Amino acid sequence: MNIQRISLPTRRSFAVAAITVLSFASTVASAEIKAKLGHAMPDSHPQAVAMKKFAELAGSYTKGNVKIQTYSSGVLGSDEKELQAVQAGTQEFYIGTLAPLSTRIKEVQVWDLPFMFQNDREAYALLDGPSSKKIFEKVEPAGLVGLTWTGMGFRNLSNSKHSVNKLEDVSGLKVRVMANPVALDTWKTIGANAVPMAFAEVFPALEIKALDGQENPLLHMYANKMQEVQKYISVTNHVYTPVALVASKKFWETLPPADKEGIRKAAVEAGLYQRKLLDEGNADVIAKFKGEGVTVNVMSPAELARIQDKVKPVVAKYSAAIGDDFVKGFYDEIAKARAAAK
């Protein structure tokens, strides 16, 4: 019987190879996945605070596997550019409006229909409801993975000309609105000169009087120092603005299941935290505006009813375009949330 002996150099080669493999495996196991998250809000805004919390939680829940760096104030680009980057896989996360997708994914436009909600509670119920989940399903073929919906607040009107107390006061105001068809048609219908513009360009345009006004949630206005260039705010609560935290599908598909689960958990918790911060901030922001010399008025229910009546054709037009069944389901969810609160 011939027994082949392994020479010493060969044993050494095996040992070296084994150590190399083990070392490589250890490096791969501990490799940190780095990701970028971008959004438009400044560091003082609740969204920026909540997204830092999301990055912290994601790191914890993935046991340090995923490290997310947040970028605020639109430094990675406008909402549209960031969404495109996430779709392309060159940016991993984005939180903000999905309005830039509204011409291709019609269901996104449902949130732009005016005067749907009576309070934040109703809006939160819809953010967590089946209609919002359906929208996330619709955006996935566009290269996005929906993680959570959270709030930005009710939109209100500001301008540098005069108080807006009635429908006629809107006439002729050059107002920046979001770049989506529903918003444009709504403001044109009530007499404004509606101008679509990236948010990063709004403050300079207001400063040089190229625009008279804009419409956004109050905390959004304050965090972006609108009080420095706008002297009149009218509380209209005409539209509730949600924001979506989404991931790049290309990036998402590279993650192991455990990391996906951890990131989803972090996203939901951070989204709820953002809502809490918004609720707390909204409680005193009007006093802050007044303290800095801004005139704030609350539009009367009678005048809001006149505006609602004026924009009924816009609601009807876009309900048909979005899909009557989808819009009906959305309103049914609102009615259910309203009834539950009684």
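These notebook entries record what I looked up about strand pairing and helix packing in this structure.

**Entry 1. The model**

I noted at the outset that the model is predicted.

**Entry 2. Strand β5 and its partners**

I began with strand β5, residues 174-177, and looked for the strands that pair with it. Strand β6, residues 193-196, pairs with β5 in the parallel sense, and I recorded four bridges between them. I then looked up individual partners in β6. V175 has A194 as its bridge partner there, and V177 has P196.

Strand β7, residues 213-217, also pairs with β5 in the parallel sense, over two bridges. In β7, V175 is bridged to G213.

**Entry 3. The β-α-β unit**

I next asked which helix forms a β-α-β unit with β5 and β6. The helix is α6, residues 181-189, and the unit is right-handed.

**Entry 4. Helix α6 against helix α13**

I followed α6 to helix α13, residues 312-322. Their axes lie 9 Å apart, and the packing angle is about 160°. Because angles over 145 degrees count as roughly antiparallel, I described α6 and α13 as roughly antiparallel to each other. Their crossing is right-handed.

For the contact, I listed P181, V182, D185, T186 and T189 on the α6 side, and V314, K317 and Y318 on the α13 side. Sorted by class, these residues are four nonpolar, two polar and two charged.

**Entry 5. Helix α2 against helix α10**

I then turned to helix α2, residues 46-61, and helix α10, residues 257-282. Their axes come within 8 Å and cross at roughly 155°. This angle therefore makes α2 and α10 roughly antiparallel to each other. The crossing is right-handed.

In α2, the residues of the contact are P46, Q47, V49, A50, M51, K53, F54, L57, A58 and Y61. In α10, they are G262, I263, K265, A266, A267, E269, A270, Y273, Q274, L277 and L278. I recorded 15 nonpolar, three polar and three charged residues in this contact.

**Entry 6. Helix α4 against helix α14**

My last pair was helix α4, residues 120-127, with helix α14, residues 324-340. The crossing of α4 and α14 is right-handed.

E122, A125 and L126 of α4 make the contact with F330, E333, I334, A337 and R338 of α14. I counted five nonpolar and three charged residues here, and no polar ones.

Note on methods: Residues numbered from 1 in each chain as written. Predicted model: local features only at pLDDT ≥ 70, side-chain atom pairs only at ≥ 80, totals over all residues. Heavy atoms only, no water. Axes fitted to C-alpha atoms, helices over the stretch in contact; angles between N-to-C directions. Left-handed = near helix turned anticlockwise from the far one by under 90°. Contact = heavy atoms within 4.5 Å. Nonpolar A, V, L, I, M, F, W, Y, C, P; charged D, E, K, R; others polar. Pairing = 2+ DSSP bridges. Right-handed = clockwise from strand over helix to strand, strands pointing away. Parallel < 35°, antiparallel > 145°, perpendicular 65-115°, else oblique.
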